[in-house]
Amino acid sequence: MINWANFISQCFNGLVLGALLALISSGLTIIYGTLGVLNLAHGAMFMLGGYAGWVAYSYTGSFIVAVIAGSMFVLVVGVVTERVIIRSFYARTPEDQLLVTFGLGIVFVETVRFFFGSLSKMVPPPPGLVGITPLGFMFYPTYRLALLAIVAAALLALYVVLYRTRIGMIVRAGIEDAVMVGSLGIDVYKVFMLVFGIGAMAAGFAGIVNAPVVSIAPDVGEAILVQTFVVVVIGGVGSFPGAVLGGLIAGEIISITSMFDPGYSYVMLFVAMTLVLVLRPYGLLGTAGRE
Amino acid sequence: MLRQRPFLVEALTAAGLIAVPFVLPYLGFTPATVNRILVWGLFGIGFDILFGFTGLLSFGQSAFFGTGGMVAAYLLTVLDYPDVFSAVFVGMIAAAVVGYLVGLIALRRTGIYFAMITVAIAEVFYFVEFNPLAAYTGGENGLPGVPTPTLHLGFTTLKFNTDKSLYIVLAVCYFVGMVVALRIVRSPVGAVLRAIRDNPLRAAAVGHNIHSYKLTSFVIAAAYAGFAGGLLGIMQGFMPPDAFTFDTSGQLVIQTAIGGTGALFGPLVGATVWLYLSDFLQTTLHLGATWKLVLGVVFVLLVCFLRHGIIGGIYDIYRLATGGSAAKAKAGDGTPAPAMTAEEERSATHAALAEAPAAMPMAARRRTGDEFVGPILEATALTKRYGGLLANSDIDFSVKRGERRGIIGPNGAGKTTFFKILTCEIEPTSGRIVFDGRDITGMSVTDVCQLGLTKSYQVNQLFARLTVRENLTISALAELRGKFRLDMFRSVPKIRGLAEQVEHTLALVDLKDRADVPVAALAYGEKRRLEVGLALASSPSLLLLDEPLAGMSPQERVEMVKLLKSISRGRTMIIIDHDMDSLFELVERVTVLQEGRVLVEGTPDEIKGNAAVQEAYLGGVVAA
C-alpha cells in the first residue's frame, strides 16, 4: 500500500533533484554543444563549488557569500582550465579530450582530498530557511522548497543568457555549426572560454546550493556525473530544453524508485535511458548530427 | 611490421614472462605487484582491441571485470564447484554474454554518447551488485574464500597457493590471452576493426557490416575483462566488490593511455608504471592518499605531451633514430609536372585515350545472377526533400549495362545528393531504384555495395592510419568475405584471391611503388587515385565516381582519365565532374541536372550544342 503523503513528498524531492540535475546537465550540454568537448571533470566542478562555498562559509558565516564565492571560484577554475589545457585539445581526437578531462577530474578531486581530507563537510542552510514548512497537505523542509526556487531562478537566468543575449545567440549558433560561427569573424576562442566557464559555474553553483541538503565530500561529483550523463542521453546532447526535461525525468525516477527500494533507482534510470535510446536515438529533444 | 616474422612477438612475450620473476624483484617489485600487473595487463588486452583497434572508448569495462569475477567466485565459494580453471572460464563466458547484451544498447550510438552510455551501464552493475544481488555477491563484503587453483596430473598434484606459484598460472593465462589477441588483430576481423577506427562511414560503404564488427570487438573486450576478473578473485583469495566501481574502469583507461594503444602490450606497460608508482609513493615515500594526486598529475601531463603513450613514444624515437628511412625512400611524384595549357591538356587526354590500356582491366563481378538483361540501373521518380528545399525532384534515370555515363550540372544542381541516393547513403523522400533487376530502395549502403554498386567520394574518404595496400585490402575483403564473417583466427595473407585482387588494383591505380606508405604520407593526386582504388577493389559492376578529377593538376587529370577509361571495360560507370572537356572525351552519354531536375540527356555532341544547357551554365547569356 502506498503511503500518499510519503509519495507526494518523494515527488517533491524528485522535483528538487531534477531541477538540480537539469542545471548541472545544462552546463555539461552547452559546453559539449559549443566546444565539442565532453567534460568528464564536470562532476568535479560540482564538488569544487561545494568546497569553495564551504571555505567561504567557514570564514564569513554567510550563506550568500558562500554561494557567490563557490560559483565565482568554479567560474575561474573553468576559464583557466579552458585557457591552459582544453584549448590545446580542440585539434585532437575526442578520445584524447575524454582522457584529459578525466585526468583533470582526478586531479581536482585528489587536490581537495589533500587539503580537506575525505570526511564530509556540511554547510547549514541560511537562518531564515531552517525547519519545515506546512504546505497544507504535508510538511516539507523549508530549505528544499527554497532550493527549488533558487535552482529554478538559476535555470531561468541561464535561459535568459542563452536565448536573450548576444553571447547566447553565438553559443546556440555554435551548437548548430561551430565552423560556420568561426567563419563569420567571431572570436570563437573567447566564446569557448566563456562557455566553459559558465558551464562549469552551473555545476559549481549547484554544488554549493545543494550542500545544505547533501553534505559534501571529495567524490560527491562522481555519482552526479553519471546521473548527468543519463540526463543528457535522455534529453539529447546540446539541447538546453532537453537537459531540463531529462533532468526532471531523471530526478523523479530516482526519487520515486527510492521510495520502494533505493537499490533499484539506477536500474530504473537505466531502463528509461534504454527506452529513449531505442525509441528516440538522439534523445527526447535532440537532433541528429550533434555527436 | 609484425608480418615478416610470424612468431617473433609470441616468442618474445614468452621469454619476457619467463624472465620477469628473475628480474623484477631486483627493481623493487613484490611478487604480489607483479601478479596484479599481469591481471591488469590481461584485462587491458581486450580493452586495447576495443579502444586501440576499433576506436571505441568505453568507461564501463568494470561491469564485465566484476561480472566475470563474481560468477567465478560464486561458483567456487557458494556452490563449492571444484575446478578453478573451468570456473574462470564460465565467468569469462558470462561476461561475454553480458557484454553482448550491453553492446546491443551501447553501440546504438558512437563517440561521446557511447562513452556516456557505458559509464551509466557500469554504474547500474555496481548498484545491482550492492543491493538487489547482495544475497549472491556478498554486497559490500564481496565473496571471501576463493580457492587457489590446483592441477591434478595423475602422478602428482600441483598447488598454486603462493604469490610466486600463482605467477606461473597468471603468466600462462597472459600468454594465452596475448597469443589469441595477436591472432585476432592479424585476422581479417582485426583489419576491419582498424578500418572502422579510422573511418567508420567508409568501412560501411565498402561493404562491411560495421555494427556487427563493433559488437564483436565489444564482446571480445568483455570476455577478456571477465577472464581477468576471475583471476583477480583467485589471486586475492577474495572477490572484492570494488571491481565494479567506476574507479576500476578509470584505472584501466588510464593504464592503457599511459602504456599506449594499438600494440596490445600498452596496458601491461601502463599497469607496470601505475602499480609500481602507487606502491612506491605509498610505501617508500609514505605519501598516503596523496599518491593518487601525484599520479593524476602525471597522467594529465602524459596525455598532454606524450600522445601515444609510452609504447608510442618509444616507437616514435625508434623511427627518428632509423631516420624514417621507409618514409623517405620513395617520396615519389616529387617532380612537378610541366604546366599545360587547356589545349595541350585536351590533346594529351585524347592521345592517352587512344593508347592501349596499360594494365589488364579488372573484371566486374556480378552478384545478382546473369538472368537479368535490362538496364543495370533504373531510377524512377526520385525525389529528395530537405524541409523546404527540393534537392532532387522527380528524376527518372536509366543506365545500360557497360555504359559510361556523365552527369554534369551547375553547383547546387543536386548531383552529389543524387549519387548519395543511388548508393543508398540517404533514403529518397519518394521514388524507386532498381539495380540489376533488384529493388534496392531503402537498403543499406553496405548491402548495396555487396550487390556490386559502389562510389568513390568527392572528398577523399580513406583509412588514414593504414597503408595503401591495407586500404585496398579492406575493400577487397568485403567482396571476398561478405559483409560479416567471424574468421577471427584466419591470417589475412591466406585468403584466397585477396593478394591478386589487391595487387591488381594497385597496378590499375598506379600505386605499386607506394603500396606500403601510410595514407598520411601520400600526395594529393595519389590519395585521389587511392580513393578510386578503394571503390574499385571491391570489383563493382556499377561504379559511381563523384568528381574524380577535382583539384588535380592537368597532368594528373590526363592520367586519371586514362585510368578511368581502362577500368571502365566490362563495367558500368557513372561520373560526375565539372571538367567537361575530359568528361566528354570519356563518356558515351551525358545527363544534365539543373535545380534538382533532369534538364536534358544525350551524347556529348548533342549536349555541347544544346541551348538549354548553355543557358543553365551561363545564366541566360547565349554563347556565341
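Okay, ground rules. It's a predicted model, where local features need pLDDT of at least 70 and side-chain atom pairs count only at pLDDT 80 or more, while totals for chains, interfaces and linings use all residues. Residues are numbered from 1 along each chain as its sequence is written, chains are lettered from A, and ligands are numbered from 1 in the order in which they are written.

Let's start with the 6-stranded sheet. In chain B it's open, in the order S10-S11-S12-S7-S13-S14, with mixed pairing. When I say strand or helix, I mean DSSP runs numbered from the N terminus: helices are H or I with at least four residues, strands are E with at least two. Two strands pair if DSSP finds at least two bridges between them. S10 (453-456) and S14 (597-602) of chain B are the edges; each has a single partner strand, so one side of each has no neighbour in the sheet. From one strand to the next, the twist averages 20 degrees. Angles here run from 0 to 180 degrees between N-to-C directions, and axes are lines fitted to C-alpha atoms, for helices over the stretch in contact.

Inside that sheet, S11 (542-546) and S12 (572-576) of chain B run parallel over 5 bridges, and Leu544(B) has Ile574(B) as its bridge partner in S12(B).

Now the other sheet: 4 strands of chain B, also open, ordered S6-S5-S8-S9 and antiparallel. S5 (377-386) and S8 (430-435) of chain B share 5 bridges, with Ala379(B) opposite Ile433(B). Helix H17(B) packs on this sheet, touching S5, S6 and S8 of chain B, at about 60 degrees to S6(B). Contact means C-beta atoms, placed from the backbone, within 7 Å. H17 (415-422) of chain B also lies across S7, S10, S11, S12 and S13 of chain B, at about 150 degrees to S11(B).

Next, what does chain B use to touch chain A? Here 35 residues of chain B contact 34 of chain A. H5 (111-130), H11 (246-259) and H13 (291-305) of chain B each supply at least two residues, and H5(B) gives the largest share, 14 residues. By class, the chain B side has 25 nonpolar, 6 polar and 4 charged residues. Nonpolar is Ala, Val, Leu, Ile, Met, Phe, Trp, Tyr, Cys and Pro; charged is Asp, Glu, Lys and Arg; the others, Gly among them, are polar.

Among the contact residues are Met70(B) of H3(B) and Phe125(B) of H5(B).

Conventions: Two residues are in contact if their C-beta atoms, placed from the backbone, lie within 7 Å.
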